[in-house]
Amino acid sequence: LQNMSFKNSFPLLISGCLLFACQSESTNASSGKPVVDQASLIGRWELQKGYRNNKETETLTGTYYEFNEETMKTNLTPTTMEQIYEYSYSDNEIKQKGEVPIIYNIDSLSTDFLALSMTINNYPFQLHLKKAMPPAELEANDSTTKGALKEL
């Protein structure tokens, strides 16, 4: 009976050790969140869904972010006009510098999906963004735009 118990618990013990070993390499020890490489953040991200106070909201429609190594461009500003901000990145936090600094938490990041959460004016926000092509590149690759310009 004692031997039977060991046979049943050994695979569980090994699985737990493997899970812990894999998790410790790919997560931030203090937050438990997956560690994200800043290079994955670079590019344009457009809003798919926005949440305010955990309720989906349409008021954020059209929101976007463009990240490079040192600056971020967004239209999620007090005036809704596009602005460029310097930012810093560490421990899955994006710290937007400026008159009203904002700290974004990266909840998820893959090659084509970015989930951010932050608090603005004491309201919690969550943004689900998809990777997009910047408008200038989109126009350059759009053959219908070229044809329309020739007609003018």
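## An aromatic cluster

Tyr 65, Phe 67, Tyr 87 and Tyr 104 are joined into a cluster by ring pairs. Rings of Phe, Tyr and Trp (its six-membered ring) pair if their centres lie within 6.5 Å; planes under 30 degrees apart count as stacked, over 60 as edge-to-face and the rest as tilted. This is a predicted model, in which local features need pLDDT of at least 70 and side-chain atom pairs count only at pLDDT 80 or more, while totals for chains, interfaces and linings use all residues. Residues are numbered from 1 along each chain as its sequence is written, and side-chain values use heavy atoms, with hydrogens and water left out.

By the ring rule, the count comes to three aromatic pairs. One of them is Tyr 65 with Tyr 104, an edge-to-face pair at 5.5 Å centre to centre, with 85° between the planes. Tyr 65 is in strand β3 and Tyr 104 in strand β7, 39 residues apart, and the pair links these distant parts of the chain. Both Tyr 65 and Tyr 104 are buried, where buried means under 20% relative accessible area, exposed over 50%, and partly exposed in between (1.4 Å probe, protein chains only).

Phe 67 and Tyr 87 are also edge-to-face, because their ring centres are 5.5 Å apart and their planes stand at 80°. Phe 67 lies in strand β3 and Tyr 87 in strand β5, so this pair ties together parts that are 20 residues apart in sequence. Phe 67 counts as buried at 5% relative accessibility, and Tyr 87 counts as buried at 6%.

## Overall layout

The secondary structure comes to three helices and nine strands. Helices (H or I, at least four residues) and strands (E, at least two) are DSSP runs, numbered from the N terminus. In what order do the elements run from the N terminus on? The order is α-β-β-β-β-β-β-β-β-β-α-α.

The protein has 152 residues, of which 26% count as buried. Among contacts (heavy atoms within 4.5 Å) between residues at least 6 apart in sequence, 40% join residues at least 24 apart.

## The nonpolar core

In soluble globular proteins, nonpolar side chains tend to be buried together. A nonpolar core is a set of buried Ala, Val, Leu, Ile, Met, Phe, Trp, Tyr and Cys residues joined through side-chain atoms within 4.5 Å. The largest such core here has 22 residues, and those touching the most other members are Leu 41, Tyr 65, Phe 67, Ile 94, Leu 114, Leu 116 and Leu 127. Two or more residues each come from β1 (43-52), β3 (64-67), β5 (83-90), β7 (102-109), β8 (113-120) and β9 (123-132). Strand β7 gives the largest share, four residues.

Which residues does Phe 67 contact, leaving aside its neighbours within four places in sequence? They are Leu 41, Ile 42, Gly 43, Trp 45, Met 72, Tyr 87, Ile 94 and Leu 114.

## Charges over rings

A charge sits over a ring if NZ of Lys or CZ of Arg is within 6 Å of the ring centre and within 35 degrees of the ring normal. Arg 44 lies over the face of Tyr 64, at 4.2 Å from the ring centre. Arg 52 has its charged end over the ring of Tyr 123, 3.9 Å from the centre.

Ala 132 and Tyr 64 are 68 residues apart in sequence and 9.3 Å apart in space, C-alpha to C-alpha.

## Exposed loop residues

Asn 54 is in the loop between β1 and β2 (55-57). The phi angle of Asn 54 is near 65°, a positive value in a residue other than glycine. Asn 54 is exposed, with a relative accessible area of 60%.

Thr 80 is in the loop between β4 (71-74) and β5. Its phi is near 60°, again a positive value in a residue other than glycine. Thr 80 counts as exposed at 58% relative accessibility. In the loop between β5 and β6 (93-96) is Asp 91, which is exposed with a relative accessible area of 57%.
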